[in-house]
Amino acid sequence: MSLNKKINPLIAITGLESAGKTTFIHRLKTGEFKSDFQPTVGYDLSIIRKEDFRFDIVDLGGHEAFRTTFWENFVTSCQGCVFVFDRSNKEKIVLAKEWLWKVEKWVPKDANFAFFANKSDLEEIMSLDEIIEGLDLTKFSESPLKSFRIFETSSVTGKNIDECWDWMTKSIKRRMEAKPIMNIYAFELLDDRLEALVQEVLAEGDKKEKTEEIRQVFRAHSLKMIDSLPFINIDNFIVHILKKGDYYAVLYVDKDDEQRIARETGMTLLFESLSRIRRELKVDREFLIELINSIKYEI
Ligand SMILES: Nc1nc2c(ncn2[C@@H]2O[C@H](COP(=O)(O)OP(=O)(O)OP(=O)(O)O)[C@@H](O)[C@H]2O)c(=O)[nH]1
Ligand SMILES: [Mg+2]
């Protein structure tokens with residue numbers, strides 16, 4: 001029942017509205033500057049391949065409505081995070097500081113965190129010293145985050161775009177090769193789309209595309225319960241979907257390895273809570289097996 005497939009690393013791009021997130025991702029993908037993006041509504045997921053690795057990139061809308069709804073879920077499950085700051089906009093520095101430090105708390109401690117002093121091509125911009133002081137960036141030396149770097153960037157000239165990407169992807173890759181990343185998630189059914197997708201997967205039809213979509217929706221809705229289900233690193237895994245009424249929880253767990261993982265990570269509690277969930281939801285064994293079988297090859 002286990003899979004020999006790794007989950008793709010996720011890189012979350014954060015920053016206030018108009019900081020230049022979407023423009024940066026476009027520059028990264030095409031090597032070109034494009035100036036006419038509409039403000040991002042909600043979030044956009046895309047893929048960037050590098051060598052044999054596939055990175056999922058989430059471009060998070062910077063408007064307050066999206067900051068308060070989507071950011072935490074993505075940032076807490078990322079392997080790399082970027083905070084884009086528009087250095088030509090001094091008025092937003094207090095708000096940017098508030099959100100930067102929220103993000104810092106959400107980023108997993110072993111993830112890479114890049115800070116962009118963006119729009120460096122413009123003339124009327126804050127100096128790096130002003131930014132460091134204004135956003136309290138020196139405090140990162142006390143942060144439990146292991147990997148933090150500041151880049152002065154511009155999507156107009158391309159300054160430091162590739163450098164940051166190299167730094168981030170190489171170190172994520174190294175980490176994953178040393179210790180493949182496996183996230184355990186639990187997900188709450190928050191949107192109608194999810195229910196419909198799950199139903200489709202359970203029914204006949206082309207499961208491959210659907211399961212990918214489901215995975216992305218799930219990722220967007222990781223539950224608060226994640227507090228008691230921390231990250232663990234394993235290679236092989238299976239997917240459990242547990243259903244209770246109109247509520248689904250999805251758990252990626254390596255069935256054969258639960259004991260070993262519990263021992264190595266000291267997370268006996270985690271597995272106790274998993275079995276408690278299973279019991280509470282009174283999941284029928286046949287139902288579970290059927291669900292697992294229906295999606296195990298694509299996730
Ligand atoms: N001069 C300059 N302008 C930039 C740069 N990056 C982005 N811009 C401009 O800044 C504006 C906002 O860019 P977006 O990429 O849409 O900003 P965003 O962070 O995605 O904004 P939201 O989607 O609303 O969160 C656009 O007019 C871009 O052309 C840069 O490096 N230099
Ligand atoms: Mg955008």
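Glycine 134 touches Ile93 and Lys97, leaving aside residues up to four places away in sequence; here two residues are in contact if their C-beta atoms, placed from the backbone, lie within 7 Å. This is a predicted model, so local features need pLDDT of at least 70 and side-chain atom pairs count only at pLDDT 80 or more, while totals for chains, interfaces and linings use all residues. Residues are numbered from 1 along each chain as its sequence is written, and chains are lettered from A and ligands numbered from 1 in the order in which they are written.

**Around glycine 134**

- Glycine 134 sits in helix α5, which covers residues 128-134. Helices (H or I, at least four residues) and strands (E, at least two) are DSSP runs, numbered from the N terminus.
- Glycine 134 is partly exposed because it has 16 other C-beta atoms within 10 Å. For these labels, a residue is buried if 20 or more other C-beta atoms lie within 10 Å of its own, exposed if 12 or fewer, and partly exposed in between, with C-beta atoms placed from the backbone.

- Look for an open sheet of 6 strands with mixed pairing, in the order β2-β3-β1-β4-β5-β6. Two strands pair if DSSP finds at least two bridges between them.
- The edge strands, each pairing on one side only, are β2 (43-50) and β6 (147-152).
- From one strand to the next, the twist averages 20 degrees.
- Helix α1 (residues 21-30) packs on the sheet and touches β1, β2, β3 (53-60) and β4, and its direction makes about 155 degrees with that of β3. Such axes are lines fitted to C-alpha atoms, for helices over the stretch in contact, and angles run from 0 to 180 degrees between N-to-C directions.
- Strands β1 (residues 10-14) and β4 (residues 80-86) pair in the parallel sense over 4 bridges. Isoleucine 13 has valine 82 as its bridge partner in β4.
- Strands β4 and β5 also run parallel, joined by 7 bridges. For glycine 80, the bridge partner in β5 is asparagine 112.

**Strand β5 from both sides**

- In strand β5 (residues 112-118), 7 of its 7 residues are buried.
- In a regular strand the side chains alternate between the two faces of the sheet.
- Both faces of β5 are covered, with Asn112, Ala114, Phe116 and Asn118 buried on one side and Phe113, Phe115 and Ala117 buried on the other.

- Most residues other than glycine have a negative phi.
- Lysine 119 has a positive phi, near 65 degrees, although it is a residue other than glycine. Lysine 119 lies in the loop between β5 and α5, and it is buried because 23 other C-beta atoms lie within 10 Å.
- Aspartate 136, also a residue other than glycine, has a positive phi near 60 degrees. Aspartate 136 is in the loop between α5 and β6, and it counts as exposed because it has 12 C-beta neighbours inside 10 Å.

**Helix α1 and ligand 1**

- The buried residues in α1 include Lys21, Thr22, Thr23, Phe24, Ile25 and Arg27.
- Around ligand 1 there are 22 residues, and the closest are Gly20, Thr23, Pro39, Thr40 and Gly62. A residue is near a molecule or strand if its C-beta atom, placed from the backbone, lies within 6 Å of it.
- Helix α1 gives the largest share of this shell, 3 residues.
- The shell around ligand 1 divides into 5 nonpolar, 13 polar and 4 charged residues. Ala, Val, Leu, Ile, Met, Phe, Trp, Tyr, Cys and Pro count as nonpolar, Asp, Glu, Lys and Arg as charged, and the others, Gly among them, as polar.

**The whole chain and its confidence**

- The protein chain has 11 helices and 8 strands, and buried residues make up 35% of its 299 residues.
- The protein chain averages a pLDDT of 71, and 57% of the residues score at least 70. This score is the predictor's confidence in each residue, from 0 to 100.
- Among the elements of the protein chain, β4 has the highest mean pLDDT (97) and strand β7 (residues 238-244) the lowest (42).
- Over residues 218-258 the pLDDT is below 50, and the model gives this stretch 116 contacts beyond near neighbours in sequence.
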